[in-house]
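Subject: Structure handover and notes

Hello,

Here is the structure you asked to look at, with the notes that go with it. Please open it first and keep it beside the text.

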Amino acid sequence: MPGLRWIRFNSFRQKRKPGDFGAEIEAHLQLEKDRLREEGLNDEDAGGAARLAFGNVTHAQERLYESGRRLWWDHFWQDIRYALRMLRKNPGFTIVAVLTLALGIGANTAIFSVIESVLFRPLPFSNPDQILRVYSTQNGNRVDAPGGPSPMDMRDFAQSNHSFEKMAVYDTWRKNVSFASGENRPEQMRVGLVPGAYFEILDVKPIMGRVFTEDESWVGKNYVAAISAQVWTNRFARDREILGRKIYINDEPYTIVAVMPNVIPEWMDQDSTNGDHSAVQIWTPFGFADALGDLWTEAGRRGRGWYSLGRIKSGVSMEQAQGDLATLAAGLAAEHPADRGIGVALEKLSDSRASNMRPMLLLLMGAVTLILLIACVNLANLLLARNSVRERELAMRAALGAMRGRLVCQLLAETLLLSIIGGAVGLLLALLGVASLSKMRPELMPQLASLGVNWRVLLFTIGASLMTSLIFGLGPAAAGARLNLVETLKLGSRSGTAGSGAQRMRNVLVVTEVAMSLMLLVGASLLIQSVARLEHQPLGIRQDHLMKGHFYLPGVRYPNPSAITRFCDQFADRLRATPGIVEATVTTIFPPTNGWKQMLGIPEHPASRIQDIPSAEFGLTDAHFLKTFGIPLIRGRNFSETDNATTPPVALISQELERMYYSTEDAIGRRIHIGPPQLLQIPPGAIITDSADVTIVGVIGNFRNNGLAAPPEPQIIVLYSQHPLVNYGFKDVVVRAASDPHALTPEITRELHTLDSDMPFAQVKTIDELIEQQAGSHRFTTALLALFAAAGLMLATVGIYGVVSFLVAQRKRELAIRVAVGASVAEVLWLVLKQGLQMALVGASIGLVGVWAAQKLLNGLLFGISAVDPVTFAAAAGFLLSVVMMACWVPARRASRVDPCVALRAE
Amino acid sequence: MSTQEQDNRLELLQGTLDLLILRTLIFGSQHGQGIARAILQTSDEELLVEHGALYPALQRLEERGLISAKWGISTNNRKARFYSLTPVGRKQLVKETTKWNRLTAAIGRILESEEV
């Protein structure tokens with residue numbers, strides 16, 4: 001080990017080398033011999049006498065050597081070298097121990113790093129715990145995401161409450177943005193429509209300029225914009241003269257009044273309903289000059305489900321604020337019909353992050369903790385097993401005069417060395433794990449972009465495994481103090497058993513291991529089954545070769561609904577004429593998520609209470625919707641090209657809607673009112689299509705419109721050409737291709753640009769991709785959990801194998817005697833298997849009870865399968881038992897082949 | 001293994017070897033064997049130093065900075081490690097000598113009075 005010697009030599013340069021002592025002693029002996037010869041002795045006698053006078057040369061040399069250096073340092077290196085030798089000599093033990101440690105440390109560090117960054121890292125705002133989300137509730141449930149109150153309600157809250165410093169509603173829209181007039185094609189970007197209070201609540205101060213004033217929220221005064229530092233850098237090269245310049249949003253000029261720092265985390269304003277995960281980089285005031293009409297009227301109270309923020313005053317608790325707002329909400333409900341039955345709920349902004357991932361992450365956290373526990377148990381087992389063998393060695397050393405301290409030091413060195421190597425490999429695993437985690441699903445967890453290994457977590461996991469190895473690694477050394485040398489040596493020569501205490505301990509550890517890995521196994525297989533069911537959920541459409549894309553017709557160039565209709569019809573016609581495209585439709589909806597719920601007035605289903613008012617998923621399409629998606633027409637007729645703005649408005653309803661509201665009579669030909677019924681006394685002409693009475697012409701098959709996991713909601717579809725009030729500029733186009741739909745993107749974009757060269761084509765995705773994305777977070781967690789289950793199973797197998805083969809090795813003599821007196825191979829085999837089977841059975845039962853206890857946590861994550869699915873339970877337990885049996889089989893076979901003569905002689 | 005049986009010499013008291021080494025070196029630098037010889041001769045062959053014990057003592061003194069050492073050539077042309085007193089060693093010698101004298105005087109008084 002030249003490296004070690006180099007270190008030693010350099011750090012003790014001032015000390016003498018052992019050779020130097022030798023030379024000096026040699027010189028002494030020579031001088032003494034010379035002297036004695038002078039006195040008349042002959043050569044031989046002189047040498048002898050000199051040596052005699054000197055005493056024990058080796059002893060002197062040792063004493064010289066020991067006085068010359070720090071002994072502990074030497075002993076330390078000696079121990080390390082010895083430990084390395086031991087580890088090298090038992091590669092099986094070393095590899096298993098190191099891998100066990102590395103797996104436990106690596107997996108935990110990676111997962112906990114992710115969880116810390118996603119769930120627990122403090123928000124980058126001042127006093128982040130004061131920042132809350134405000135939600136409207138109906139019948140105790142939050143209204144549609146993002147779930148905030150209507151601007152009018154929020155305004156009243158903000159004016160009358162005593163708990164908040166500031167409150168705000170805001171929104172994000174995809175808009176066509178260009179940074180220079182006429183120069184380049186605009187891009188679709190998500191634009192934040194926010195009041196100045198948004199920034200004030202977050203306490204984010206502009207790098208330059210000012211936040212929006214209250215005045216600027218009024219339509220007409222809202223043509224100002226704030227840009228992020230990133231846009232400022234990428235688009236304007238950090239131009240110091242940026243304020244006052246104009247950008248074009250939906251073809252309208254907005255004056256830049258502020259540059260905001262890049263501190264607002266991306267997850268905050270994510271749009272989870274349509275899977276839009278791009279960051280908001282541009283903000284304009286919360287005022288609308290768009291077709292939605294004016295928010296600041298009484299009619300606007302009904303429009304809920306905005307983004308919301310509030311900052312409570314310092315010293316005010318969340319409960320106080322909740323009580324305060326609840327009183328106000330009750331007042332509003334009494335005063336305004338639109339607010340009847342509407343409550344309010346608060347949530348810390350920090351708790352709202354990763355809200356849909358939270359249960360998954362917590363499950364992963366539990367799973368990975370089990371892995372760490374299994375790893376520790378395994379390590380404990382390994383060390384126990386090995387040390388009971390070494391008790392003899394230690395006793396021997398003690399008998400030869402080794403001090404107890406040195407024995408402890410030596411075991412300590414081995415344990416430390418194992419932990420360090422395991423920790424290093426674990427760190428490597430953690431780095432790899434974190435890197436691949438953040439690469440795998442960046443859009444699901446945007447915070448992961450800034451993810452690194454969390455050092456505190458790493459230290460904790462290494463600490464935990466170190467503790468384990470210290471406790472179980474030093475056990476025999478501690479026992480060694482009390483060791484009766486003669487007894488141990490005698491016992492050792494017979495069987496090597498470390499006594500029944502250690503054996504019981506090992507059995508308990510194996511049982512624990514089996515229990516924990518069974519829990520992992522059951523959890524993972526339940527999740528795998530539910531993901532499979534989720535992904536193969538029949539959607540109610542023909543899913544293949546479908547692709548969708550988003551475009552937006554800005555109000556400036558498309559000022560009226562008929563212009564929008566004309567554009568969309570032309571676009572769809574051109575696409576249908578394009579080779580490779582089988583069918584095309586322009587629509588606001590596509591499975592599996594719809595996202596626009598509408599109250600309905602159904603004369604056949606009168607409602608007197610707000611809870612009883614019929615409602616359905618609502619969509620605006622053209623006449624090609626059914627054909628493009630392959631949704632079956634059950635009865636009646638489809639939309640036709642002849643249904644247009646001048647003919648009576650018609651509608652298609654799903655079977656589910658018919659079942660819910662038309663159970664006895666045939667729905668075809670019935671009239672239905674889209675919008676809240678008369679009892680709510682909403683003045684007409686407000687946001688939604690209040691005056692739209694439509695006639696049902698057809699009943700269509702159900703399709704998934706509320707996500708993959710939920711059953712189809714009632715659905716009503718109308719033609720956008722017949723509903724000018726809600727014929728907005730944002731539309732999606734869906735095409736069915738003859739072959740790979742992605743290949744058609746350039747064609748579709750070209751057709752779009754033929755009609756309008758300034759129109760961006762965005763969010764292009766196949767339906768398969770959408771589904772995968774929806775199932776993605778499940779799939780991601782499931783994959784991880786499956787990985788953990790596999791790791792846990794592997795660890796447990798290794799642990800059980802280790803213990804059983806150890807037992808066999810110890811019982812070799814006994815087994816040999818049994819064979820000698822006539823036991824059959826099968827009998828010996830069974831003897832060993834029985835021992836493993838007992839432990840496995842006890843462990844498996846405990847594990848099943850554990851899953852039973854954890855079913856509450858699991859149930860929320862499962863789809864189409866019960867958390868206590870008996871088949872899964874039985875299969876997992878059976879699988880685990882067979883793996884355990886295999887782990888026992890190898891040593892059992894070895895035992896059954898014991899040649900009694902050899903075994904007995906060897907002892 | 002000791003030389004006791006062949007000689008009737010005195011064994012050194014614990015801790016006195018250091019003092020003797022320092023005292024011997026006052027006449028100039030000397031190697032280990034020379035020091036051993038010098039102690040034997042100066043004490044009229046009464047004191048015996050086990051040569052092997054001399055070297056750890058030298059090593060100790062060197063570490064404490066009381067003596068310094070370097071390799072050189074002996075009078076009969078042999079390589080040897082020569083030790084010499086450092087200024088600190090000189091001071092230490094004076095201190096230890098005074099202490100020793102007081103100690104032996106005191107012990108001497110007690111022993112003489114016993115004798116009477």
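To begin with chain B: three of its strands form an open antiparallel sheet in the order β2-β5-β4. At the edges stand β2 (30-31) and β4 (67-73), each with a single partner strand, so one side of each has no neighbour in the sheet. The pairing of β2(B) with β5(B) is antiparallel and runs over two bridges. In that pairing, B:His31 has B:Phe82 of β5(B) as its bridge partner. Please bear in mind that this is a predicted model.

The rest of chain B

Chain B has four helices and five strands. Read from the N terminus, these elements follow the order β-α-β-α-β-α-β-β-α. The chain has 116 residues, and 27% of them are buried. Of the contacts in chain B between residues at least 6 apart in sequence, 52% join residues at least 24 apart.

Two helices of this chain cross: the axes of α2(B) and α3(B) come within 10 Å, at an angle of roughly 115 degrees. The crossing of α2(B) past α3(B) is right-handed. On the α2(B) side the residues that meet the other helix are B:Gly32, B:Ile35 and B:Ala36, and on the α3(B) side they are B:His51, B:Leu54, B:Tyr55 and B:Leu58. By class, this contact has five nonpolar residues, two polar ones and no charged ones.

Where chain B touches chain A

How many residues does each chain bring to the contact? Chain B gives 20 residues and chain A gives 21. On the chain B side, the elements that supply two or more residues are α2 (32-42), α3 (51-64) and β5 (79-85). The largest share, seven residues, comes from α3(B). Sorted by class, the chain B side has five nonpolar, nine polar and six charged residues.

Chain A in outline

Chain A has 26 helices and 22 strands. It has 907 residues, 44% of which count as buried. Among contacts in chain A with a separation of 6 or more, 83% are between residues 24 or more positions apart.

1. Strand β17 (residues 650-654). Five of the five residues of this strand are buried, so β17(A) is largely enclosed by the rest of the structure. Both of its faces are covered, with A:Val650, A:Leu652 and A:Ser654 on one side and A:Ala651 and A:Ile653 on the other. β17(A) pairs in the parallel sense with β19 (residues 692-700), over five bridges, and A:Ile653 stands opposite A:Val699 in that strand. With β20 (residues 715-719), β17(A) pairs in the antiparallel sense over three bridges. There, A:Leu652 has A:Ile717 as its bridge partner.

2. Helices α23 (residues 825-853) and α25 (residues 870-896). Their axes come within 8 Å and cross at roughly 150 degrees, which means that α23(A) is roughly antiparallel to α25(A). The crossing of α23(A) past α25(A) is right-handed. Their contact has 20 nonpolar, two polar and one charged residues.

3. Helix α7 (residues 151-160). Which residues of this helix are buried? They are A:Pro151, A:Met152, A:Asp153, A:Met154, A:Asp156 and A:Phe157. The elements that cover them include β3 (164-178), β10 (307-312) and α10 (318-335) of chain A.

4. A:Pro195. This residue lies in the loop between β4 (187-193) and α8 (196-202) of chain A. Is A:Pro195 buried or exposed? A:Pro195 counts as buried because it has 26 C-beta neighbours inside 10 Å, where the cut-off for a buried residue is 20 or more. Leaving out residues up to four places away in sequence, A:Pro195 touches A:Ala168, A:Tyr170, A:Phe212, A:Ser217, A:Pro285 and A:Phe286. One of these, A:Tyr170, is 25 residues from A:Pro195 in sequence, with 6.9 Å between the two C-alpha atoms.

Regards

Note on methods:
Residues numbered from 1 in each chain as written. Chains lettered and ligands numbered in written order. Predicted model: local features only at pLDDT ≥ 70, side-chain atom pairs only at ≥ 80, totals over all residues. Buried ≥ 20, exposed ≤ 12 C-beta atoms within 10 Å, placed from the backbone. Contact = placed C-beta atoms within 7 Å. Pairing = 2+ DSSP bridges. Nonpolar A, V, L, I, M, F, W, Y, C, P; charged D, E, K, R; others polar. Axes fitted to C-alpha atoms, helices over the stretch in contact; angles between N-to-C directions. Parallel < 35°, antiparallel > 145°, perpendicular 65-115°, else oblique. Left-handed = near helix turned anticlockwise from the far one by under 90°.
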